[in-house]
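Visitor: I would like to learn how to read strands and cores in a model like this one. Could you walk me through it?

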Amino acid sequence: LRYRCDGGRLGAPDVFCTTEPGFPDGLCFDSEGRLYVAATLAHEVQVFGPDGARLDSLPCGAGSMPTNCCFGGPDGSTLFVTDSRGGRVLAFDLDAPGLPLFPFR
């Protein structure tokens, strides 16, 4: 869902994108405005453009359950994905760095 800000308040939600099949879990953005969503039951990370259109998928393997993703690596363009069912961390080298995360306050 996406919520618009309206005078300092959250507006009504609208659907931005949908993961098919499965449920969305962890997510992150890259510097090009693409959204990466760990699609648990689809066994992949699904990639959406700034307009919410699905652009790509990053398969994590049959039987996997991706639960979170974040960017890191020397230039920030490696997407790390946790696979809770396989007990492993996957890495995808991509063409754009991720947006920095803000520390918990």
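Guide: Gladly! Let us start with a pair of strands: 5 bridges join β4 to strand β5 (residues 44-48), and the two run antiparallel. Please keep in mind that this is a predicted model, where local features need pLDDT of at least 70 and side-chain atom pairs count only at pLDDT 80 or more, while totals for chains, interfaces and linings use all residues. Residues are numbered from 1 along each chain as its sequence is written, and side-chain values use heavy atoms, with hydrogens and water left out.

Visitor: What counts as a strand, and when do two strands pair?

Guide: Strands are DSSP runs of E with at least two residues, numbered from the N terminus. Two of them pair if DSSP finds at least two bridges between them. Here, V37 has Q46 as its bridge partner in β5. β4 and β5 form a hairpin with 4 residues between them, and H43 in the turn has a positive phi of about 65°.

Visitor: Which strand is joined to β4 by 4 bridges?

Guide: That is β3 (residues 24-29), which runs antiparallel to β4. L27 has V37 as its bridge partner in β4. The hairpin of β3 and β4 has 5 residues between the strands, and G33 there takes a positive phi near 85°.

Visitor: Is β4 (residues 35-39) mostly covered or mostly open?

Guide: Buried means under 20% relative accessible area, exposed over 50%, and partly exposed in between, with a 1.4 Å probe and protein chains only. By that rule β4 is mostly covered, with 5 of its 5 residues buried.

Visitor: What is the strand order in the open sheet of 3 strands?

Guide: The order is β7-β8-β9, with antiparallel pairing. β7 (66-72) and β9 (88-93) stand at the edges with a single partner strand each, so one side of each is left without a neighbour in the sheet. β7 and β8 (residues 78-83) pair over 6 bridges, and G72 has T78 as its bridge partner in β8.

Visitor: Which residues make up the largest nonpolar core?

Guide: A nonpolar core is a set of buried Ala, Val, Leu, Ile, Met, Phe, Trp, Tyr and Cys residues joined through side-chain atoms within 4.5 Å. The largest has 12 residues: C28, Y36, V45, V47, L58, C60, C69, F71, L79, V81, L90 and F92. β5, β7, β8 and β9 each supply at least two residues of this core.
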